[in-house]
Amino acid sequence: MTGTVAGTLRADDPRRTHGRRGRTWGLLGCGLVLSAPAGLLLVRLTGLDAGTPLAVPMVLFPYSAVLSVLVLGVMVAVPALRSRCAVAVVAALVTVQAGLLVPRFVPESRHVPAGAAVLRVATLNTDVGGADPRAVVELVRTERIDVLALEQLPPAGVAALDRAGLGALMPHRELHPEYDSSIYSRRSLSHGGTTDSDTAWPQTTAEITVAGRTVKFVAVHTYYPLGDADRWTRDMTALASLARRSGPDTVFLGDFNASLDHAPMRGLLASGLTDTHAELGHGWPRTWPVGLPVVPPLVQLDHVLHGSGLVGVSVGERTLPGTDHRAVVAVLALLPA
């Protein structure tokens, strides 16, 4: 009978040295991958994106959280990377990220009274009039839109929409193609005009009367942070000031060039507005870019925000040919005064 002796590896055995080296390199690789999520989390917590180029990568914050979860899963699944200290650090990172993101996936429990008056609204950046005018008219018809905000709409785009029949559906309008944005409506508009605020260009405004209530609309298009982050931040600050003066029956809708993870957007929401997507638990909509051969929509730049006098009933995105933004369609109900 032959016996077998199972020996243990000596401390200086090359196989043990190789294993330690592989573990070290593996953990360093995980740390390198997580440097971007950790950096974005720091920016998110401190608001360093306001007025700085850090606003550009900040739109990727949800993706960075997904990356952190994947790295944590790898570290738990691979025994060589299962360092108790390292796993605890990554788990803490994921926990903080989740704490910031999860609330927007949880619908708010706000009661909509039976028989409440509703408004069906939509916003679309037409990409300098490139959006197919017939598709815009079809969107208005099928979704029964009451108020439509269009951004980057030049005079030629206005004429194309008229030829496509938008005037028959929405005969009331506040057009300011010279200033970029316009408002179309099924209902009569009043107090139309543009804002006198510190924005890159005036924002178009108008009011409608619904069930005896006056609702103010602001068609928003801000400057973009990639071009001038400070100018974009001043735009958002000016909108926040306008929102504080506008009262509870207010709707700001358009292309904000901002996501919910941007500090200036959070400042705008703190002025008394609610993002309809987050309110209804649609936590990660993506409205831009559209129309690229390989890249799908990645980030949310287009929003419907409303004051405390209204509540979101539904919200969604629609893809129209000819523009690089998706349309956002929302149904809002008026709460009792």
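**Histidine 176**

I looked up histidine 176 and found it buried, with a relative accessible area of 13%, where buried stands for under 20% relative accessible area, exposed for over 50%, and partly exposed for what lies in between, all with a 1.4 Å probe and protein chains only. I keep in mind that this is a predicted model, in which local features need pLDDT of at least 70 and side-chain atom pairs count only at pLDDT 80 or more, while totals for chains, interfaces and linings use all residues. I also note that residues are numbered from 1 along each chain as its sequence is written, and that side-chain values use heavy atoms, with hydrogens and water left out.

Where does histidine 176 sit? I find histidine 176 in the loop between strand S3 (172–174) and strand S4 (181–185); such elements are DSSP runs numbered from the N terminus, helices being H or I with at least four residues and strands being E with at least two. Its side chain is joined to that of glutamate 178 by a polar contact of 3.1 Å, a term for a pair of N or O atoms within 3.5 Å, of which, within protein, one must be able to donate a hydrogen and the other to accept it, and residues adjacent in sequence count only if both atoms are side-chain atoms. Leaving aside residues up to four places away in sequence, I list Ser181, Ser182, Gly193, Thr194 and Thr204 as touched by histidine 176, with contact taken as heavy atoms within 4.5 Å.

**Cavities**

On a 1 Å grid over the protein atoms alone, a cavity is a set of points where a 1.4 Å probe fits but cannot get out, whereas a pocket is an open set with protein on both sides within 12 Å along at least five of seven lines, and lining residues have an atom within 4 Å of a point. Grid points are joined across faces, edges and corners, and a volume is the space filled by probe spheres set on the points.

The largest cavity holds about 110 Å³ of space. It is lined by 13 residues, and I note Pro62, Arg104, Ser259, Trp284 and Gln300 as the closest to its centre. I sorted its lining into eight nonpolar, three polar and two charged residues, where Ala, Val, Leu, Ile, Met, Phe, Trp, Tyr, Cys and Pro count as nonpolar, Asp, Glu, Lys and Arg as charged, and the others, Gly among them, as polar.

For the second largest cavity I find about 60 Å³ of space. Helix H4 (133–143) and helix H5 (155–164) are the elements that give two or more residues to its lining, and H5 gives the most, with three residues. The lining of the second largest cavity divides into seven nonpolar, three polar and no charged residues.

**The largest pocket**

I put the space in the largest pocket at about 480 Å³. Of the 23 residues that line this pocket, Tyr224, Leu226, Asn257, Trp288 and Leu301 lie nearest its centre. By class, I find 13 nonpolar, six polar and four charged residues in the lining of the largest pocket.

**Cysteines**

How many disulfides are there? I count zero disulfides, with a disulfide taken as a pair of cysteine sulfur atoms within 2.5 Å. Cysteine 30 is in no disulfide, and the nearest cysteine sulfur, that of cysteine 85, is 13 Å away. Cysteine 30 counts as buried at 12% relative accessibility, whereas cysteine 85 is exposed, with a relative accessible area of 58%.

**Backbone**

I looked next at the peptide bond that joins tryptophan 288 and proline 289, and it is cis, with omega about -5°. Proline 289 is found in the loop between helix H9 (276–279) and strand S10 (302–306).

I also noted valine 128, whose phi is near 55°, a positive value in a residue other than glycine. Valine 128 has its place in the loop between strand S1 (118–125) and H4, and I record it as exposed, with a relative accessible area of 53%. Arginine 144 is not a glycine either, yet has a positive phi of about 55°. Arginine 144 is in the loop between H4 and strand S2 (147–151), and is partly exposed at a relative accessible area of 49%.
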